[in-house]
Amino acid sequence: FRSPIRRPNQAVTAQDFILTLLTLSNYGQNDHTPQIAYSGSPVIQLRLAGEKRKHYEGRVEVFYNGEWGTVCDDDFSIYAAQVVCRELGYLDAESWAPSAKYGRGEGRIWLDNVHCTGAEKSLAQCESNGFGVSDCKHSEDVGVVCTQKRIPGFKFIKNHANSDEGMTVQVEDVRIRATYSHRKRIPITEGFLEVKDGGKWRQICNEEWTEMNSRVICGMYGFPGEKRFNTRPYKLLAKRRKKNYWGFSVNCTGNEADLSDCKLGHEIELKGNNTCEPGMPVVISCVPGRAFAPSVSMGFRKAYRVEQPLVRLKGGAMIGEGRVEVLKNGEWGTVCDDNWNIQAATVVCRELGFGSAKEALTGARMGQGIGPVHMNEVLCSGFEKSLTDCYFNRDALGCSHEEDAAVRCNVPAMGFHKRLRLNGGRNPYEGRVEVLAERNGSLVWGTVCSDSWGTMEAMVVCRQLGLGFASHAFQETWYWQGDASADAVVMSGVRCSGTELTLDQCLHHGKHVLCPKGGGRFAAGVSCTQTAPDLVLSSQVVEQTTYLEDRPMYVLQCAQEEHCLSSSADKADSTSYRRLLRFSSQIHNNGQSDFRPRAAHHSWVWHECHRHYHSMEVFTHYDLMSLNGTKVAEGHKASFCLEDTHCDEGIQKRYECANFGAQGITVGCWDTYRHDIDCQWIDITDVKPGDYIFQIVINPNYEVAESDYTNNIMRCRSRYDGHRIWTYNCHIGETMTFG
């Protein structure tokens, strides 16, 4: 007999002695024995808890001696994390976190100076100071991150030593099992709920099942809400089928993001086919968000209001993720990450027609937004219809865009990635695009015609495959050996706006393929990346630096050669003057990776006016337009040399134009083209006095992929009286309309 682990001079308590005897006498007697009570180790139960966490990570909490407590981070290691994760039914541990990363726990600190080899079956078997012997504070509570994969065949056992309070549901897997007639529907929204425990799929008795439980399951599967359904066919089916019930009920409050966050209910007496009489197995029926509904009428109308949405996601690579932006007083702004948690994130996700939140992200993980920070210290119950209904601190100031909150939502399994593949690339993130198309009644793989193939189309492909953003769009793919049986072109004339969920939602020729160049070496290809830059023009700088200058033609020869003047300048006398609307451009990279020109060094063009090489021939469009949107000044397409003029504090400049240097804009830096540089103007010599729209568009041809193109356009109101110009009300993005 070996006593519980303790310090050499520490006495064995009567409690420990009795627990150990209980362990030895109970072990292996029936199916409900505490299988994590190993010879000589006290009976314990573990759970993960805390703030801002996914269901497979959190603060480690131990149930011992009738109460929950925490574990101190002193001497904790990845081996201890592995023991914790495996004891909870996860395959392995990814990492561990000290210093109460998941918030401070309450109650006793049960374990301190824990030393595990990694081979132990329970944390109780690891060496430690002994239960309750600690000199730590809750600021030292340890947390772990487990792998998402569960141990196959893992059986959850609830210890008799454990009280009902506080145990969460721990199962290997969860599924909605559709009936035969519903099995081909995409997405699957209805069916029997089954949990996998001990390697077997089991049903749950519906006698104590609530709508709140259904709400949580629907959220996990990417659906914003649950709905009523016809129970009759399910009752008939259940009578005919052999049932295998799980031995517990479930108690969800409805605002949990995952079933594993719900509390475990009481045990159910298992009596074979007579279990759960007069009830039946739980059936789940969910409402899909509008974007995922097989038909519009089925869509979740409340979540997808037809009127102007108040919340949107920006800067995310995948469907259902992005920086949270809120519309207030006609202006889009961001949300500060102070107190940002999974409840608030879930309100956003459901509001937008997705399920519950997988993750509440902080620290501008989806890039920095622009404009005001509209909300701070947001507090949601989880049941609000909109984030704008949640409480927030209206007086809290001082949040910067470095603290912009973001979300990742659960989205329905649509099987989008099965209709498309990349072939022949050096890695899974690149290759020739091959699509599954119907030909003569059967589904065949084929290529996409590269005519008009560009970044927007590539963006949709990468998103559909879950590979992030597009890095490049290729119109020739002869260097990638695709599948020879898929050489035929099955899709042509593809034009995407960039917001589509799948390539076949884009405009295309349909069954009548037209591809003069043919497929083969001219088949479309892509490369994808997890992160992307995001360029934003400073509207404030434009507004503050705009002025008029009358400049004689004889000093504008270089600019004329570079097509920076209106065509009337071609006939102008060398002693005449041109009236130029001058301004500075300050272009920030708010994204998550550097903005690099697409053209390689050798194809850059020397510009005599600026005395350096330009890596992008069309980097911006400068235009002056009437209030109804027609151009009144010819404007021009400005080419740029890209460099880091200035950077945020702590960020090193990486790019400069001098000496044929590397060009680009680093994340957190900006490129300033000053108002006194040649071509940094619009020639308005021929423009009559009046009210106009002054417009600047960055990266107008989408030559370089960005996480968000909607903030690449800036419009200002301008009033010209023939002598002076006033520029005011400059806005980024789509918020400003003509008229």
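Predicted model: local features only at pLDDT ≥ 70, side-chain atom pairs only at ≥ 80, totals over all residues.
User: Why is N65 called partly exposed?
Analyst: The relative accessibility of N65 is 38%. Buried requires a value under 20% and exposed a value over 50%, so N65 falls in between and counts as partly exposed. N65 is placed in the loop between β2 (57–64) and β3 (67–71), and has a positive phi of about 55° although it is not a glycine.

User: Why does E377 count as partly exposed?
Analyst: E377 has a relative accessibility of 28%. E377 lies in the loop between β18 (373–375) and β19 (406–409); its phi is positive, about 50°, although E377 is not a glycine.

User: What makes the pair D671 and T645 a polar contact?
Analyst: The side chains of D671 and T645 are 3.4 Å apart. The cut-off is within 3.5 Å, so the pair qualifies as a polar contact. The side chain of D671 also reaches the backbone nitrogen of E643 at 3.3 Å. D671 itself is part of strand β35 (residues 669–673).

User: What is the peptide bond from I186 to P187 called, cis or trans?
Analyst: That bond is cis, with omega near -5°. P187 is found in the loop between β7 (173–177) and β8 (190–197).

Definitions and conventions
Residues numbered from 1 in each chain as written. Heavy atoms only, no water. Helix = DSSP H or I, 4+ residues; strand = E, 2+ residues; numbered from the N terminus. Polar contact = N/O pair within 3.5 Å; in protein donor to acceptor, adjacent residues only side chain to side chain. Buried < 20%, exposed > 50% of the residue type's maximum accessible area, 1.4 Å probe, protein only.
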